[in-house]
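Me: I would like to go through a few of the terms used for this structure and the grounds for each. Please set the values against the cut-offs.

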Amino acid sequence: MTDTLLIQIDRSEGSLQRLIGLIERRGFHIDRMTVTDTGAHREVRVGVRGRDSGRCVQVLSRQIDRLQDARRMAPSVHSDEVASCMA
Amino acid sequence: MSASSTAARLDTAPKTGARLVVEALEAQGVEIVFGYPGGAIMPVYDAITSASFKHILVRHEQGAAFAADAYARVTGKVGVCMATSGPGATNLVTGIANAMMDSAPIVCITGNVASPLMGTDAFQEIDILGITLPIVKHSWIVRDPADIPAIFAEAFHVANSGRPGPVLIDLPKDVQVGVAAAPRETSPSKDPARRIDPLQLRRAEAAIGVAERPLLYIGGGVRIADAVNEVRAFARATGIPAVSTLQGLGALPADWPANLGMLGMHGSRAANEAVQACDLLIVLGARFDDRATGKLAEFAPHARVIHIDVDAAEIGKLRDANIAIAADLKKALSALSPHRPRIEPWVERCVRDNANYAARYDAPGDGVYAPALLKELSEQAGDAFIAACDVGQHQMWAAQHCRFPSPFAHLTSGGLGAMGYGLPAGMGAKLARPDAHVVTISGDGSFIMNIQELATLKRYGIALKIVLLDNSSLGLVRQWQELFFDRNFSEIDLSDNPDFAAVAQAFGIEAFRISKREEVSAGIARLLAAPGPCLAHVLIDPKDNVWPLVPPGKNNADMMHGEP
């Protein structure tokens, strides 16, 4: 199953590479991706799919949240959801 | 003209990027920079001769990164290392990865070729930003010298906020020599204050109140959050037994009866059995590392989990949490006030197991028994003890047998497991804490990986003490080959090692040998009393193994035990 993430990243050097590298390194395929430069930022819409059943998109989302130059545009994860990969 | 107006005029005068780098480091209160010069960082080295901070010239850039890492772990401040482009930068990589895996805040500064040459395969050009993307919290290439003050201020903030880690600033040479007429103002980053969810706190208190077999699982986050006092107060108030990860050792006093020691692959039997039996695991700044959990699916099979960590991405990564508190550990523990649970039978069982399974030090023979030596080393050094360990059997023996007064006293490459960490880490720690008994605990395999830093010890008179446990082999690999590869010993023989005491003496460092058990006590005393750097070359039995051991892929109840 492909999950779609919508992420805003800075236009700084390395920001796109950092995001793509993180997604692949954490065990996800990138099925599709579009990047739109809005002038102030870039908006990335990316479809991801875990390489195996142990990959959890909620965990990936929180790992993306740690990037200094990226912000998920979806609502932030609720604390109850934080608790479980199955949320 | 008054002195103050002169200072103001000078402060706004045009400055080179290199000068701005020095001022940015001074503005952060940097005391020591560990580094090594080279072509692409020469303008900065030209500027630092008038800096207020000290520069320590290491003999390999990896040593600079490890030393900065240890300086940061001991002080809680940001460590700084610096290197030139190309091989200088790539030599930092292992140290950066080490800092990332163990959440050590370091700022790494690299020179690079001039901007027009970047991307042309110029001499000593490397894409260090690209190479290090997976192993930094963040990184910058500076394109305008006017940005230097703001980028450096942000870099120090990012490195040491939230979950700490390494950051990298790449400085093209033209940016170092370029002049910034009006450096841009720094705008300190502001982290949104993270509110601790009171509902989760109350749920945690309720879970603790009804648990029959609760257990604290203490990780390196306790040191990083400076939450030792809070953890000790929590343990005292609740009476809940505790296990620690490699990085959490020292958080609780070693002589506390319900401190069951380290869990995991080389953990104590009491710790691992408690984890397997507990019905509530209270995880404090730990991340369910595989060396701690063994077979994850069978780890703590009866336990509900309360997970407290500043990094929300660690919660639910490997083990679902029933109660998740993504918050600063110090604040979260202060906000928790559970009733003391009625768990006397459980505590009695844990304390009894802890006593029954305690390590023995009555190994037969008159050869040096490394566990006993390390225990005595920590006892002779006392509360001033700080160990900087390398990686291998000696690292596990140190974890099992040393008494650490706090987690700040145990520096070890836990996540990356980088051989070669011990000597430069000890160097960084001793410079940070000259009052402490800082001792590098190394093995013959690890020590030779950064042996060149003996020259740094000599140059600066850094009174680091070194215990080099020499079993003439790559001991941990040999142990695995003995146990899991049918004794097919492959490339582990180091019987042609140099005379390490003679090597140290050639660097101008006092050194001596310990080869018999009867020499141990006096040898440790001599080592600790030496006024300068000193190395004790300790010969141990190549056949000694680290026990107990959970075989890879097994659950923590499947421990193998050997004789002392």
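Reply: The model is predicted. A place to begin is chain B, where B:Ala270, B:Glu273 and B:Ala274 of α13(B) meet B:Cys350, B:Asp353 and B:Asn354 of α16(B).

Me: What makes these residues count as meeting?

Reply: Two residues are in contact if their C-beta atoms, placed from the backbone, lie within 7 Å. The residues named from α13(B) and α16(B) are in contact in that sense. By class, this contact has three nonpolar, one polar and two charged residues.

Me: Why are α13(B) and α16(B) called roughly antiparallel?

Reply: The axes of α13 (residues 269-277) and α16 (residues 344-356) of chain B cross at roughly 150° and come within 8 Å. Angles over 145 degrees count as roughly antiparallel, and α13(B) and α16(B) are therefore described that way.

Me: Which domains is chain B divided into, and how many residues does the contact between domain 2 and domain 3 take from each?

Reply: Chain B has domain 1 (3-180), domain 2 (198-356) and domain 3 (370-539). The centres of domain 2 and domain 3 of chain B, taken over C-alpha atoms, are 30 Å apart. Their contact takes 13 residues from domain 2 and 13 residues from domain 3. On the domain 2 side, seven are nonpolar, five polar and one charged.

Me: Which helix gives the most to the side of chain A that touches chain B?

Reply: The contact between the chains takes 18 residues from chain A and 22 residues from chain B. In chain A, α1 (15-25), α2 (57-65) and α3 (79-82) each supply at least two residues of that side. α2(A) gives the most, with five residues.

Conventions: Residues are numbered from 1 along each chain as its sequence is written. Chains are lettered from A and ligands numbered from 1 in the order in which they are written. This is a predicted model: local features need pLDDT of at least 70, side-chain atom pairs count only at pLDDT 80 or more; totals for chains, interfaces and linings use all residues. Axes are lines fitted to C-alpha atoms, for helices over the stretch in contact, and angles run from 0 to 180 degrees between N-to-C directions. Helices (H or I, at least four residues) and strands (E, at least two) are DSSP runs, numbered from the N terminus. Angles under 35 degrees count as roughly parallel, over 145 as roughly antiparallel, 65 to 115 as roughly perpendicular and the rest as oblique. Ala, Val, Leu, Ile, Met, Phe, Trp, Tyr, Cys and Pro count as nonpolar, Asp, Glu, Lys and Arg as charged, and the others, Gly among them, as polar. Domain bounds come from an automatic or database domain assignment.
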